[in-house]
Amino acid sequence: MENYFDILRVDQEKCISGTCHGGIHCIMTCPVEAIRVYEGHAILMEEKCIACGRCIRDCPDHSISAEDLTLEELKNYQYPVAIPSPALYGQFGRGIGPEKILGALKKLGFKDVFESAVGGELAGVATRLFLSQYKGPKPLISSACPAIVRLIQTRFPIFINQVIPVESPREIAAKEFRRTVIPNLKVSDKEVGIFYVAPCPAEMIAIKCPESIGPSNFNGSFPITQLYGNIFETLMSGDYEPHPSQINSVSVSWAAIGGEIRELEKRLLVGKEGSTIVVDGVRNVIKVLEEVENGQLKDIEFIEARACLRGCVGGALTVGDRYVAASKVRKLIREFKGKKRIKIEEVQDLYEQGFYSRPYPLKARPVVALGESRMEALKKMVERDRILKLLPGIDCGSCGAPSCRVLAEDIVQGRKEITDCIFKLREKVKDLAEEVLKWASKTPSSMP
Amino acid sequence: MQDEEVFQNKRVLFSCCFDIKGRDFVGAGEVASRVKTFLKEANIDPVIIRRIAIATYEAEINIVCYAKKGVLTLTILPELVHINLKDEGAGIPDIELAMKEGYSTATEEIRELGFGAGMGLPNIKKNADTFCITSELDKGTLLEMVFYLNNT
């Protein structure tokens, strides 16, 4: 078992013995070319990986997974708390509303449940406050999706200062829980364990690895997939108490795309109509950011960018169909229309104290450059192009790299050899065969 | 800096040519993106890359909108990036007028696609360190841009 970021696991045995057995699915599906096949199994390049989870979804043998803790480990805390992503509300059948889901989740071994959706609404208000005072370069980009933040750190570092400096909804929820609930409990801070129920590996890694985006207020996380079976069984058994939900239309809408800009557009704090866009899917976000780099999309002021199609309900660690889940979220938006909403005045003081802000600036982690210095990078670029001209250019993946261009780069960086390309190997065999034929057709002139 | 000077210069670290098709609005911008990828791989300052990206994109769109076809040549020297675009087309009758902000000869089709605001050439001049444009009627236009690199 290979371990990345302490969260992503590659089961090499499954790779080798499965239907794919060292094939091309993961290397081709990765939108940032961070996977290679080596000796029949997948290896991830941590510095390039943005943890979007496409590989987890698309591996036919389910060789790649995400894990952090077991439910047993909750017993290490006097007061374990679950903070579920709002994506969880879309995962169950029609009659099963948030109160039942929260109740069943709590039954798994938690003393309390607090909704990340609340963090979403607070993040939205903090974003409005930030935008009302902001005068810098645009467009601004949402900070809610850690896979997109990582994409910007690695491939678009020029936009680091255009990522909204508001903390992610899940971290705000954890902080809000600590601020409002813990003081009223008869337990110390140390005895409280706060755990996120995650729809995707990117959020799990953001929690586990403080060097990636910043320190976390969580003690760990669980993928929705890990807890789904237990929650489902509990729901069916009926052996649980429903737990009251604090969501409203605004907070629950964060589970799917369009949730974040919904309020921003309504309040028109981002200027003229049509100046906000929603982009879902990593390849689509890359395309849009490339356009922004070229000076296109000049009138766009805010981008709600999400790595997963349809947003968090489409996360790699969710169960079931994302389109059905998105439909359930829309139903909840209608159902919870009249519920109490957070007012700007309530959060203004805390906002000014920096309570909703990301505590540290984002670090750029550029990975595109071929060398540490410009001269070294240019030398490698020339060599890479020379090698590329020798390769067939059909991007078949047989070498374990997703394209001929990537193989050429891998060769220049010393990670692969030109004979890893089976066409180059075949060429050499053909040359050898022609040589053998040439000599075999020669008979000494002395023979009859 | 004239073309001949650049290519005689043995300090050329990297050079590459790209074809641009006139009226190809589907592929418009692809050459600018490829140039940008090379510059990122070359570990050039991202702030400078941003200016080059904007200027290159505008120049490519001009060829797509107004010329029959063109060629972009990227040349990297130790201290600068040189980009020139040579196109075959109607040429520009009054360069001073074309450089005026807001002046555009865009057709309805071009405007409907979101182009033709008349800011292309002024944007290029604003982003490039040096900029030179010459044109011959019924023949074509030549644009040369130089971007100076920081010492690292």
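## The sheet in chain A

In what order do the strands of the open sheet of four strands in chain A run? The order is β7-β6-β9-β10, and the pairing is parallel. At the edges sit β7 (112-113) and β10 (220-223) of chain A, each of which pairs on one side only. Keep in mind as you look around that this is a predicted model.

Take a look at where β9 (residues 192-198) of chain A meets β10(A): the two strands pair in the parallel sense over four bridges. As a reminder, strands of a sheet pair through backbone hydrogen bonds, either parallel or antiparallel.

## Two backbone details in chain A

A couple of loops deserve a quick stop. Lys138(A) and Pro139(A) are joined by a cis peptide bond, with omega at about 10°. Pro139(A) belongs to the loop between α5 (116-133) and β8 (140-141) of chain A.

The other stop is Arg310(A), which isn't a glycine but still has a positive phi, near 75°. You'll find Arg310(A) in the loop between β12 (302-306) and α13 (322-335) of chain A.

Over all chains, the count comes to 33 salt bridges. One of them pairs Glu263(A) with Arg128(A), where the closest N and O atoms are 3.9 Å apart. That sits just inside the cut-off, which asks for a side-chain nitrogen of Lys or Arg within 4 Å of a carboxyl oxygen of Asp or Glu.

## Where chain B meets chain A

Now for the interface. On the chain B side, 25 residues are in contact with 27 residues of chain A. Between them the two chains bury about 2200 Å², and 53% of that is on carbon and sulfur atoms. Which three residues supply more of the area that chain B buries against chain A than any other three? They are Lys40(B), Glu41(B) and Arg50(B), which supply 30% of it.

The interface of chain B and chain A holds six salt bridges, and 14 residue pairs are in polar contact across it. Among the salt bridges, Glu290(A) pairs with Lys36(B), their closest N and O atoms being 2.9 Å apart. In general, side chains of opposite charge can pair when their charged atoms come close.

As for the elements involved, α2 (30-41) and α3 (46-66) of chain B each bring at least two residues to the side of chain B that touches chain A. The largest share of that side, seven residues, comes from α3(B). Sorted by class, the side of chain B that touches chain A has 13 nonpolar, seven polar and five charged residues.

## What UniProt marks

Two spans carry domain labels from unreviewed UniProt entries. In chain B, UniProt places "domain: Histidine kinase/HSP90-like ATPase" at residues 30-146. The end C-alpha atoms of that span lie 21 Å apart, and the span is 43% helix and 29% strand.

In chain A, UniProt lists "domain: 4Fe-4S" at residues 377-438. Here the end C-alpha atoms are 44 Å apart, and the span is 65% helix and 0% strand.

Technical notes: Residues are numbered from 1 along each chain as its sequence is written. Chains are lettered from A and ligands numbered from 1 in the order in which they are written. This is a predicted model: local features need pLDDT of at least 70, side-chain atom pairs count only at pLDDT 80 or more; totals for chains, interfaces and linings use all residues. Side-chain values use heavy atoms; hydrogens and water are left out. Contact means heavy atoms within 4.5 Å. Buried area is the accessible area (1.4 Å probe) that two parts lose on being put together, summed over both. A polar contact is a pair of N or O atoms within 3.5 Å; within protein, one must be able to donate a hydrogen and the other to accept it, and residues adjacent in sequence count only if both atoms are side-chain atoms. Ala, Val, Leu, Ile, Met, Phe, Trp, Tyr, Cys and Pro count as nonpolar, Asp, Glu, Lys and Arg as charged, and the others, Gly among them, as polar. UniProt positions are given in the numbering used here, feature names are shortened, and annotations may be inferred rather than shown by experiment. Two strands pair if DSSP finds at least two bridges between them.
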